[in-house]
Amino acid sequence: MLRCMQRTNIYLTDEQQRALAARARVGGTTKSAVLREILDAGLADTAPVDDALRTAFAAVADGYDELAALLFADDPDLHVDA
Amino acid sequence: MIIVDDRLTLEILAGRHVSAVSDDDAVATTWGFHYRLARALAAPVSGGQLSGGVPARQLLDTVLSPRPGGVEVLDPRAITREAVAAAARHGLNLLAAELVGAARHHEATIALSAANVGRSWPAVFEAEGIELRVVTR
């Protein structure tokens with residue numbers, strides 16, 4: 001995949017440098033490529049919940065008090081007023 | 001840190017502003033409230049399909065997948081001593097004991113939706129020196 005890239009300088013610890021170099025050697029690629037893969041994976045994990053999910057969570061939230069009362073009213077460990 | 005309940009966790013996941021929580025707060029929930037939310041999303045009464053055509057399973061998977069910067073689920077093992085002590089002092093159930101224990105252990109504020117404020121809880125929180133914020137919508 002052709003990607004538009006910008007050069008960036010970052011500071012890494014000796015341990016990070018060694019680990020990065022080792023992974024690049026094993027993968028037959030460059031340290032930069034490994035770093036980009038790690039960043040892609042890490043940033044994907046922090047992607048915000050998308051709009052469809054937010055709408056669905058809002059719908060659940062609006063009816064949640066009744067649902068929770070139904071589910072947990074008779075549960076001695078999980079209801080809100082023992 | 002501010003500890004929120006299951007309903008407020010949902011509000012945050014919905015992208016709604018929760019008045020008791022500021023942008024600077026580290027937001028967390030207890031394992032008990034986390035379990036309640038997951039259990040509710042897995043409930044047959046919620047149906048297989050929710051608003052927007054999103055399957056309930058996808059909502060459950062989202063709740064069960066920790067996201068950096070999201071609502072942190074506090075490890076209950078770390079607060080067992082405080083939870084047990086609070087339960088012994090006030091006769092709390094597991095949900096409330098964990099909540100009080102977590103707030104004391106982490107020196108956190110508690111934010112609850114109005115429906116989740118147990119009748120005896122405000123007095124317990126006050127006796128334990130825990131700040132309570134109640135969210136009404």
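Let's start at Leu41(B), a residue that sits in helix 2 of chain B. Helices here are DSSP runs of H or I with at least four residues, strands are runs of E with at least two, and both are numbered from the N terminus. Before going further, note that this is a predicted model, in which local features need pLDDT of at least 70 and side-chain atom pairs count only at pLDDT 80 or more, while totals for chains, interfaces and linings use all residues. Residues are numbered from 1 along each chain as its sequence is written, and chains are lettered from A and ligands numbered from 1 in the order in which they are written.

Is Leu41(B) buried or exposed? Leu41(B) counts as buried because 25 C-beta neighbours fall inside 10 Å. The cut-offs are these: a residue is buried with 20 or more other C-beta atoms within 10 Å of its own, exposed with 12 or fewer, and partly exposed in between, with C-beta atoms placed from the backbone. Asp61(B) is 20 residues from Leu41(B) in sequence, yet their C-alpha atoms are 9.6 Å apart in space.

Elsewhere in chain B, Glu107(B) belongs to the loop between helix 5 and strand 4 (109-113). Glu107(B) is exposed, because 9 other C-beta atoms lie within 10 Å. Its phi is near 50°, a positive value in a residue other than glycine.

Now turn to chain A. Its secondary structure consists of 4 helices and 0 strands, giving the pattern α-α-α-α along the sequence. Of the 82 residues in chain A, 10% are buried. Ala68(A), in helix 4 (residues 64-72), counts as buried because it has 24 C-beta neighbours inside 10 Å. Between Ala68(A) and His79(A) there are 11 residues of sequence separation and 8.5 Å in space, C-alpha to C-alpha.

Ala68(A) also leads us across to the other chain. Setting aside neighbours within four places in sequence, Ala68(A) is in contact with Asp6(B), Arg36(B) and Ala40(B); contact requires the C-beta atoms of two residues, placed from the backbone, to lie within 7 Å.

How many residues does each chain bring to the contact? Chain A brings 26 residues and chain B brings 34 residues. On the chain B side, helix 1 (6-13), helix 2 (31-41), helix 3 (56-64) and helix 5 (94-106) each supply at least two residues, and helix 1 gives the most, with 5 residues. This side of chain B divides into 15 nonpolar, 11 polar and 8 charged residues. In that count, Ala, Val, Leu, Ile, Met, Phe, Trp, Tyr, Cys and Pro are nonpolar, Asp, Glu, Lys and Arg are charged, and the others, Gly among them, are polar.
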